[in-house]
Amino acid sequence: MVTKSALIYLSRQEGLKDFATRFRPFKKLTTRFVAGESIDEAVAAIRELNAENITASFDHLNESVATQAEAEAEVREYLQILAQIDARGIKSNVSIKLTQFGLELDPELTYSNARRVLVDAVQRGNFVRVDMEGSNVTQATIDLFKRLRAEFDLNDVGIVLQSYLYRTFEDAVDLLKIPARIRLCKGAYSEPPEIAFPNKKDVDDNFVRVMQLLLSSGTYHGIATHDPRMLDATIDFVQKEGITKDAFEFQMLFGIRRDLQRQLARDGYNMRVYVPYGKHWYPYFMRRLAERPANIWFVLKNILKG
Ligand SMILES: Cc1cc2nc3c(=O)[nH]c(=O)nc-3n(C[C@H](O)[C@H](O)[C@H](O)COP(=O)(O)OP(=O)(O)OC[C@H]3O[C@@H](n4cnc5c(N)ncnc54)[C@H](O)[C@@H]3O)c2cc1C
């Protein structure tokens with residue numbers, strides 16, 4: 001879809017990023033998808049979710065850092081998040097992006113950065129999810145994850161796969177052999193038809209196919225979607241196969257389909273919400289706009305209203 005790829009293109013424009021992060025009306029709108037700029041604001045959002053029997057995954061917004069110093073600051077932020085999760089007694093794990101830890105600068109440094117966060121998380125009995133980013137880093141992300149997984153346990157670290165990539169079914173088969181805990185999502189970046197299904201129907205069909213493979217594996221996975229059709233397909237499958245509700249979790253993003261988040265938690269499913277916070281919200285926010293054209297009208301209306 002043209003609008004979608006245009007917005008994803010804009011999400012990568014540095015000049016616009018600087019403008020948007022300074023433009024007050026735009027910034028105000030981010031609260032629709034972002035919990036705030038500080039850890040405290042994210043903790044408050046997670047407390048509210050926990051009160052509704054929903055767990056969380058903390059995400060400090062930043063990606064594709066340009067310097068080692070920036071990557072170091074990200075490691076420190078995550079160590080602080082892990083300490084805060086314990087100190088505040090909230091139910092949350094953490095999600096990291098490897099380009100946030102320097103993947104595009106130096107894979108070796110990224111490995112040691114991710115390892116530092118993992119060592120701390122493991123000491124605290126917590127779990128680190130490695131998010132999946134654009135296809136330029138898919139293989140590097142999987143490779144680095146496998147190195148981490150060779151050193152850490154199944155319940156220490158997990159990865160994400162995207163059903164829009166042709167390669168994903170094979171990646172899932174491969175990762176299940178280790179085994180690995182996988183979050184399945186559709187994929188949020190703009191990818192060419194040579195490597196990703198261009199049609200939504202094929203992305204959805206692949207999502208169902210990979211979901212069935214994952215949930216038949218006996219390992220605890222995350223099914224991350226707001227799509228009622230994907231949710232129904234998952235619920236039908238687990239009921240048919242006799243897979244218990246505690247054998248997997250549903251995951252959604254902060255601020256999206258709160259009604260479904262609450263409903264699934266009330267129905268006794270494990271529900272986890274991804275809670276992003278921080279100053280570098282621009283690319284994340286733009287990807288959320290790209291997913292639903294109606295969100296653009298919501299933004300324009302509010303900017304015009306002042
Ligand atoms: C917990 C979690 C973690 C994720 N991690 C990653 C990751 O590591 N890598 C990655 O590439 N992607 C990630 N994503 C994003 C994902 O790939 C999709 O881009 C996103 O979830 C939208 O796809 P969908 O499955 O909800 O289905 P869609 O077909 O996009 O949407 C289905 C329905 O959901 C609702 N909806 C979806 N998005 C929005 C929105 N932005 N605003 C309002 N309503 C919306 C609408 O009702 C829509 O009709 C993650 C998603 C979740 C939930």
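**Ground rules.** I number residues from 1 along each chain as its sequence is written, and my side-chain values use heavy atoms, with hydrogens and water left out. As the model is predicted, local features need pLDDT of at least 70 and side-chain atom pairs count only at pLDDT 80 or more, while totals for chains, interfaces and linings use all residues.

**Ligand shell.** I looked up the residues around the ligand and found 26; to be near, a residue must have a heavy atom within 4 Å of the molecule. Met132, Lys186, Gly187, Thr225 and Glu291 come nearest. I sorted the shell by class and got eleven nonpolar, six polar and nine charged residues. Here Ala, Val, Leu, Ile, Met, Phe, Trp, Tyr, Cys and Pro count as nonpolar, Asp, Glu, Lys and Arg as charged, and the others, Gly among them, as polar.

I then checked which elements supply the shell; helices (H or I, at least four residues) and strands (E, at least two) are DSSP runs, numbered from the N terminus. Strand 4 (157-162), strand 5 (181-185), strand 7 (248-253) and helix 12 (282-291) each give at least two residues. Strand 7 has the largest share, with three.

**Polar atoms at the ligand.** I found a polar side-chain atom of Lys186 2.7 Å from a ligand oxygen. For His226, a polar side-chain atom is also 2.7 Å from an oxygen atom of the ligand. Arg288 uses a polar backbone atom, 2.9 Å from a ligand nitrogen. Taken alone, the ligand exposes 930 Å², and the protein buries 88% of that (Shrake-Rupley method, 1.4 Å probe).

**Salt bridges.** I counted 23, each a side-chain nitrogen of Lys or Arg within 4 Å of a carboxyl oxygen of Asp or Glu. One of them joins Lys97 and Asp131, at 2.9 Å from N to O. Lys97 is in the loop between strand 2 (92-96) and helix 6 (107-123), and Asp131 in the loop between strand 3 (128-130) and helix 7 (138-151), 34 residues apart.

**Backbone.** Most residues other than glycine have a negative phi, and most peptide bonds are trans. I noted a cis peptide bond from Ile178 to Pro179, with omega near 0°. Pro179 lies in the loop between helix 8 (168-176) and strand 5. Ser64 has a positive phi, near 45°, and is in the loop between strand 1 (55-60) and helix 5 (68-88).

Key. Polar contact = N/O pair within 3.5 Å; in protein donor to acceptor, adjacent residues only side chain to side chain.
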